[in-house]
Amino acid sequence: MPKLTPLPKTLRGKDYIETKDWTVKEIELALKTAADLKKKFKTGKPHRHLPDKTVFLFFFDKSTRTRNSFEAGATQLGGHAHFIAAETSQVAHGESPKDMGIILSSYGHAIAIRHDLLPGEGNSYMRKVAEHATVPVLNMQCDIDHPFQTLADLMTIREEFGTKLRRRKIAVSWAYAPSYAKPMSVPQGLITLMPRFGLDVVLAHPPEYALMKSEVEYARKAAAENGTSFEIVDNMEEAFEGADVVYPKSWGIESMFQNPKDALEISKRYKHWICDEQKMKLAKKEAIYMHCLPADRGYEVTDGVIDGPQSRVFPEAENRLHTCKSVMALTM
Ligand code: CP
């Protein structure tokens, strides 16, 4: 068996709860490692950086990509991902995040958590676990950020346009979806990460769908500090104008996540917020369409766009595997 080149140890033991918690240099290391691991995966080269290590996957919500990329990724790294549905654990009876953090730390090497359904809850839960855990806490999506998703998104954008993204524009737009009130964490993760990596960001949403104040303020500050721009508009068309990347997706109303019936009624006013072939024409010719998935086909986006030549949703979903392996391999 050929010897593995060891990975840098600078991120060992570090939590990954928001991309804001990591410096640009640390995120660059994660992206470089993801690209190396992707090459090794594609060429069948060994990369078992986590032999005999366990990551606990604690889910308060459903998942396709996140759960499977962590489970497959941990196996490929020589370790094990242990799935726990929160409702089948003692957390459902009120066991504290402190006790959870201490106990799971004594059984394994990282605690990954998805807790994204209610604004004000998931991120603070993770931070409480992290306060008491002695292993890294990894955010598989909370109410504020989805840092594994946006890392994969940045990797996908760089694969398309290279690392020099200055003056490239990303349109992050709300879109109509009848399925459920999707968390606000993906658009928030995008507007806070992309201005740090050279992209100009335009955010579009109907008036009821404002993102959390703290995240909008961070995005403004990040854009000002990095010589990029951040602006908010109230229609998808304006956001798409001249964009290199369009990322239209649905999210819920911050104050109405506990009131889905009324929230759905409000969202019906904005059924015309769909990404279709006409709107794609407003973006640059070489623009790409992205979505974290799952998408409400026929509502958020037409089949023609999501299955069309500008769509990058499947490479984007694939990159969830490589970025998740990178962060696990570097932190665990
Ligand atoms: N994009 C994403 O997080 O997908 P899942 O909800 O399926 O994990």
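Which residue in S8 is the bridge partner of Ile-170? In S8, that partner is Val-245. Keep in mind that this is a predicted model, where local features need pLDDT of at least 70, side-chain atom pairs count only at pLDDT 80 or more, and totals for chains, interfaces and linings use all residues. Residues are numbered from 1 along each chain as its sequence is written, and side-chain values use heavy atoms, with hydrogens and water left out.

Now for the sheet around that pair. Strands S5 and S8 run parallel and are joined by 5 bridges. They belong to an open sheet of 5 strands, ordered S7-S6-S5-S8-S9 with parallel pairing. At the edges sit S7 and S9, each pairing on one side only. Two strands count as paired if DSSP finds at least two bridges between them.

| Strand | Residues |
|---|---|
| S5 | residues 169–174 |
| S8 | residues 245–249 |
| S7 | residues 230–233 |
| S9 | residues 288–289 |

Zooming out, the protein has 12 helices and 9 strands; these are DSSP runs, with helices (H or I) of at least four residues and strands (E) of at least two, numbered from the N terminus.

How about overall shape? The C-alpha atoms fill a box of roughly 50 × 45 × 35 Å along the principal axes.

Buried residues make up 58% of the 332, buried meaning under 20% relative accessible area with a 1.4 Å probe, protein chains only.

Notes:
Buried means under 20% relative accessible area, exposed over 50%, partly exposed in between (1.4 Å probe, protein chains only).
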